[in-house]
Amino acid sequence: MTEVRLHEVELLPERTLGGPSDDEPLRGRLTFGWDVLPADHEGVPAEWASYVKATPDRAFRQLLMVCSFRPETPAGKGAFRHASLGVALSTPDGGEQPVARLIDPGERTRPVAGSGMGMSFTVHAGVLEVGVERPADAGSQRDEWIVRGHGSSQPNPQWEFRRVKHYPLTGDHPVAALVELVPDRLNTAEVLMAAELEHRSWGIRRYRARLTPSVQAIVLAG
């Protein structure tokens, strides 16, 4: 087991044309935490364990991260609409880079009920008639992604988070990467976050945050 300690993150607004000039940083809406674990740590996905076992001459670490989105408050207005978490893996000399060989999740979904309704248009004698039609599979459910990962086998994996019908973007969202290390080097990870919040009066507002200060990047090995 591991215990990830979450830390408050200050979201800095992006200045956009037509946006409020006095827009202040958003506080109390996002927390972030991480832990660096051995590749064979308890609970590692079976696919990861098989991959590590098949490459005994390489060194790996498991980078576990958790983003926790909090609901709208009187002091922090706006509902999370979309967010992205990007990780930059590196070594000090900028040469050979660590690589996120495997990431989790590739996709995390939730079942969403379809509306089952559509519009039909028919023209009779020059008159447009508008009707409502219900497909044969009306009311059926489909899976919509709420977290999607990119960048497997790359030094810069990324995850996207989004809200879908009946599932607001709130709560804890864990993601992880199996990182192949560069031997005999300091291996670090820097994390950046971008988020979109929907305000009733301002519309869509965009924010960014550096989740790990450059002077205190996540140390994977060194």
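**Terms and their grounds**

Author: Seven bridges join strand E6, residues 107–113, to E9, and the two run antiparallel. The model is a predicted one.

Reader: What makes E6 and E9 a pair of strands?

Author: Two strands pair if there are at least two bridges between them. E6 and E9 are joined by seven bridges, so they pair. Within this pairing, arginine 110 stands opposite glutamate 144 in E9.

Reader: How do you know that E9 pairs with E10?

Author: Four bridges join E9 to E10, and at least two are required, so these strands pair as well. They run antiparallel, and histidine 150 stands opposite glutamine 158 in E10. The loop between E9 (141–150) and E10 (158–162) contains asparagine 156.

Reader: Why is asparagine 156 called partly exposed?

Author: Asparagine 156 has a relative accessible area of 48%. Buried means under 20% and exposed means over 50%. The value of 48% lies in between, so asparagine 156 is partly exposed.

Reader: Why is the pair of tyrosine 51 and phenylalanine 60 called edge-to-face?

Author: By the rule for ring pairs, the count comes to four aromatic pairs. The ring centres of tyrosine 51 and phenylalanine 60 are 5.9 Å apart, and the limit for a pair is within 6.5 Å, so the two rings pair. Their planes stand at 80°, and over 60 degrees counts as edge-to-face, so the pair receives that name.

Reader: Is each of these two residues buried, partly exposed or exposed, and how do you know?

Author: Phenylalanine 60 has a relative accessibility of 4%, which is under 20%, so it counts as buried. Tyrosine 51 has 26%, which lies between 20% and 50%, so it counts as partly exposed.

Reader: Which residues have the most contacts inside the largest nonpolar core?

Author: They are Met65, Phe69, Leu85, Trp159, Phe161 and Met193, in a core of 38 residues. Apart from this core lies another, of nine residues, among them Phe60, Leu102, Ala176 and Leu178. In soluble globular proteins, nonpolar side chains tend to be buried together.

Reader: What links Phe69, Phe80 and Phe161?

Author: Ring pairs link Phe69, Phe80 and Phe161 into a cluster. Leaving aside neighbours within four places in sequence, the contacts of phenylalanine 69 include Phe80, Phe161, Leu169 and Met193.

Notes. Residues are numbered from 1 along each chain as its sequence is written. This is a predicted model: local features need pLDDT of at least 70, side-chain atom pairs count only at pLDDT 80 or more; totals for chains, interfaces and linings use all residues. Side-chain values use heavy atoms; hydrogens and water are left out. Buried means under 20% relative accessible area, exposed over 50%, partly exposed in between (1.4 Å probe, protein chains only). A nonpolar core is a set of buried Ala, Val, Leu, Ile, Met, Phe, Trp, Tyr and Cys residues joined through side-chain atoms within 4.5 Å. Contact means heavy atoms within 4.5 Å. Rings of Phe, Tyr and Trp (its six-membered ring) pair if their centres lie within 6.5 Å; planes under 30 degrees apart count as stacked, over 60 as edge-to-face and the rest as tilted.
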